[in-house]
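This briefing goes through one protein chain topic by topic. Look at the sequence and the model first, then read the points below.

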Amino acid sequence: MSRRWKVPGLLLALGVAIAAWQVTRGDPVLATVVLVVYALLGLLLSPLAFPRPVDAGEARRRSAADGRAVVYWRPGCRYCMRLRLRLGRAARRAYWVDIWRDAEGAAAVRAITGGDETVPTVVLAGEPHVNPDPKWLRDRLR
């Protein structure tokens with residue numbers, strides 16, 4: 001399992017274990033609820049909750065052509081999830097680069113943040129913004 005699926009996989013495994021324990025205690029309803037909650041948490045923290053990632057070079061090229069933002073993120077990052085959820089549909093108007101899949105994207109983030117891989121990092125109109133306010137970004141994506 002790649003590291004981007006580690007947290008979602010652990011959440012699902014934990015949900016299954018707790019649900020199985022609840023079934024052995026004779027409470028299948030609670031077991032079902034627990035399993036659904038943990039599965040949803042795993043889904044939210046998985047790469048599936050984000051728009052399809054592009055590589056950093058392609059994102060920069062497209063951004064230069066149409067002015068859209070480039071968002072550098074990684075799976076399992078709670079700040080990335082917060083940004084993604086608060087952007088809602090506006091998230092589709094940005095190019096998302098998964099720094100765990102793209103070494104060039106990780107290098108770009110390290111260059112912006114002084115050597116750290118702090119995400120989410122957004123580049124909009126050539127200006128980098130580390131962990132921006134979701135409302136601010138949503139307003140600029142419209």
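The model is a predicted one.

**Overall layout**

- The chain contains six helices and four strands.
- Along the principal axes, its C-alpha atoms fill a box of roughly 60 × 30 × 20 Å.
- The chain has 142 residues, and 38% of them count as buried.
- Among contacts between residues at least 6 apart in sequence, 66% link residues at least 24 apart.

**The largest nonpolar core**

- In soluble globular proteins, nonpolar side chains tend to be buried together.
- Which residues touch the most other members of the largest nonpolar core? They are Tyr72, Trp96 and Leu137, in a core of 32 residues.
- The elements giving two or more residues to this core are helix 3 (56–66), strand 1 (70–73), helix 4, strand 2 (95–98), helix 5 (103–113), strand 3 (121–124) and helix 6.
- Leaving aside residues up to four places away in sequence, Tyr72 touches Ala56, Arg60, Val97, Ile99, Gly105, Ala108, Val109, Val119, Pro120, Thr121 and Val123.

- Val109 lies in helix 5.
- Is Val109 buried or exposed? Its relative accessible area is 0%, so Val109 is buried.
- Apart from residues up to four places away in sequence, Val109 is in contact with Tyr72, Ile99, Asp116, Glu117, Thr118, Val119 and Thr121.
- One of these contacts, Val119, is ten residues from Val109 in sequence, and the two C-alpha atoms are 7.7 Å apart.

**Packing of helix 4 and helix 6**

- Two packed helices are described by the angle between their axes and the distance between the axes.
- Helix 4 (residues 78–87) packs against helix 6 (residues 134–141) at an angle of about 45 degrees, and their axes are 9 Å apart.
- Because of that angle, helix 4 is oblique to helix 6.
- The two helices, helix 4 and helix 6, cross in a right-handed way.
- On the helix 4 side, the residues that meet helix 6 are Arg82, Leu83, Arg86 and Leu87. On the helix 6 side, they are Pro134, Leu137, Arg138 and Leu141.
- The residues of this contact comprise five nonpolar, no polar and three charged.

**Backbone details in the loops**

- The peptide bond that runs from Val119 to Pro120 is cis, with omega near 0 degrees.
- Pro120 sits in the loop between helix 5 and strand 3, and Pro120 is also one of the residues touched by Tyr72.
- Where is Ala125? It is in the loop between strand 3 and strand 4 (127–130).
- The phi of Ala125 is near 55 degrees, a positive value in a residue other than glycine.
- Ala125 counts as exposed because its relative accessibility is 72%, and the cut-off for exposed is over 50%.
- Asn131 is in the loop between strand 4 and helix 6.
- Although Asn131 is not a glycine, its phi is positive, at about 50 degrees.
- With a relative accessible area of 31%, Asn131 is partly exposed.

Terms used:
Residues numbered from 1 in each chain as written. Predicted model: local features only at pLDDT ≥ 70, side-chain atom pairs only at ≥ 80, totals over all residues. Heavy atoms only, no water. Axes fitted to C-alpha atoms, helices over the stretch in contact; angles between N-to-C directions. Parallel < 35°, antiparallel > 145°, perpendicular 65-115°, else oblique. Left-handed = near helix turned anticlockwise from the far one by under 90°. Contact = heavy atoms within 4.5 Å. Nonpolar A, V, L, I, M, F, W, Y, C, P; charged D, E, K, R; others polar. Core = buried A, V, L, I, M, F, W, Y, C linked by side-chain atoms within 4.5 Å. Buried < 20%, exposed > 50% of the residue type's maximum accessible area, 1.4 Å probe, protein only.
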